[in-house]
Amino acid sequence: MSITLQNDCLTVTIQEQGAQLNSVLGRDGTEYLWQADPEIWGRHAPLLFPVIGRLQNGQYTLNGETYEISAHGFARDSLFTVAEHSRTRAVFQLTDSPATRAVWPFAFRLTVTFTLEENRLTKACTVENRSEGTMYYELGSHDGFRAPLAAGETMGDYRVVLPGLDTLSPYGMNETGMLEPKGWKTIPLEGGRVGLKPADYGLDTVVVDQLPRRTAQLVDGAGRVRVQLDFPDFPYLGIWTQAKPFDTNYVCIEPWSTLPDGTFAGRSLADKAGIRTLEPGQAETLRYTSTFS
């Protein structure tokens with residue numbers, strides 16, 4: 001089942017399964033969101049919680065115990081409850097269950113709020129620790145945007161612009177999907193422009209941090225900003241599309257709270273770079289805004 005938000009600028013559709021965006025339609029008929037072609041990539045914009053990316057051997061340790069959890073966690077495949085719905089606002093909630101506690105031994109409530117204002121969509125994720133001890137978590141987005149957006153364009157016309165960034169110094173990634181330290185490659189950029197295909201840089205995913213501005217723009221061949229993400233609460237960013245021998249015609253622009261697992265991190269949750277913690281009864285909200293034009 002899906003929920004629709006609408007105003008004079010955009011019509012937005014969100015699935016209860018995963019609280020996942022599945023359409024952002026402009027008033028001129030432009031569909032901004034990737035439409036989940038199963039032959040290429042069968043998702044639209046999954047929510048990453050309580051982990052981002054793969055873990056080494058699919059495992060982590062906590063208080064001396066070893067747990068297994070799937071890549072990107074369970075939220076993207078979980079059925080959320082619709083707690084509130086109006087014309088321009090929708091609130092989705094997910095709480096722990098025996099199934100989630102088997103792989104992530106914490107009691108929690110995750111509230112995802114979408115707010116539509118003119119041509120801007122804000123997604124706010126509130127994580128609440130309902131456990132008796134410290135809770136660790138990671139949270140990120142995996143929003144896929146169509147590129148190109150108009151007839152007569154190609155994927156190669158588009159770039160992701162990272163304003164103020166003159167040099168790209170991404171993390172590496174090995175054959176198992178584990179991050180490797182930065183410094184293996186330095187790529188000069190013209191006007192902060194990054195190609196949409198990480199494979200062109202010898203990467204599966206472009207992973208960056210310490211951005212001059214926590215902003216990323218999807219720009220067409222004419223230099224027009226078609227989508228802009230502002231993510232002040234997220235210190236890391238991923239840029240990804242599947243490596244194919246043809247244009248995939250989408251790119252994921254992904255604000256992350258935490259780095260994916262890496263060769264430089266230990267097995268304990270506490271060793272993860274950027275891992276977030278909440279004490280019992282605490283909650284925090286991480287939000288980002290997407291602007292469509």
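Analyst: A search of the whole structure finds one cavity of 30 Å³ or more, a cavity being a set of points on a 1 Å grid over the protein atoms alone where a 1.4 Å probe fits but cannot get out. The model is predicted, so local features need pLDDT of at least 70 and side-chain atom pairs count only at pLDDT 80 or more, while totals for chains, interfaces and linings use all residues. Residues are numbered from 1 along each chain as its sequence is written, and side-chain values use heavy atoms, with hydrogens and water left out.

User: What volume does the largest cavity have, and which residues line the largest cavity?

Analyst: Rolling a probe the size of a water molecule over the atoms shows where empty space is left. Here the largest cavity has a volume of about 30 Å³, where a volume is the space filled by probe spheres set on the points, which are joined across faces, edges and corners. Its lining, made of residues with an atom within 4 Å of a point, consists of Leu21, Phe114, Leu121, Lys123, Asp143, Tyr288 and Ser290. Strand 10 (120-129) and strand 26 (283-292) are the elements that give two or more residues to this lining, strands being DSSP runs of E with at least two residues and helices runs of H or I with at least four, numbered from the N terminus.

User: How should I read burial, and is Leu48 buried or exposed?

Analyst: Buried means under 20% relative accessible area, exposed over 50% and partly exposed in between, with a 1.4 Å probe and protein chains only. Leu48, in strand 4 (residues 47-48), is buried because its relative accessible area is 0%. With contact meaning heavy atoms within 4.5 Å, and residues up to four places away in sequence not counted, Leu48 touches several residues, including His72, His142 and Trp256.

User: Which polar contact joins the side chain of Thr111 to another side chain?

Analyst: A polar contact is a pair of N or O atoms within 3.5 Å; within protein, one must be able to donate a hydrogen and the other to accept it, and residues adjacent in sequence count only if both atoms are side-chain atoms. Thr111, which lies in strand 9 (residues 108-117) and counts as buried at 14% relative accessibility, has a polar contact of 3.2 Å between its side chain and that of Gln93. Thr100, in helix 1 (residues 98-103), is likewise buried, at 7% relative accessibility, and its side chain reaches the backbone nitrogen of Ser97 at 2.9 Å.

User: Finally, how many aromatic pairs does the structure hold?

Analyst: Rings of Phe, Tyr and Trp (its six-membered ring) pair if their centres lie within 6.5 Å, and planes under 30 degrees apart count as stacked, over 60 as edge-to-face and the rest as tilted. The structure holds 16 aromatic pairs; the ring centres of Phe145 and Phe292 are 6.4 Å apart with planes at 55 degrees, so that pair is tilted. This pair links distant parts of the chain, with Phe145 in strand 13 (residues 143-146) and Phe292 in strand 26, 147 residues apart. Phe145 and Phe292 are both buried.

Technical notes. On a 1 Å grid over the protein atoms alone, a cavity is a set of points where a 1.4 Å probe fits but cannot get out, and a pocket is an open set with protein on both sides within 12 Å along at least five of seven lines; lining residues have an atom within 4 Å of a point.
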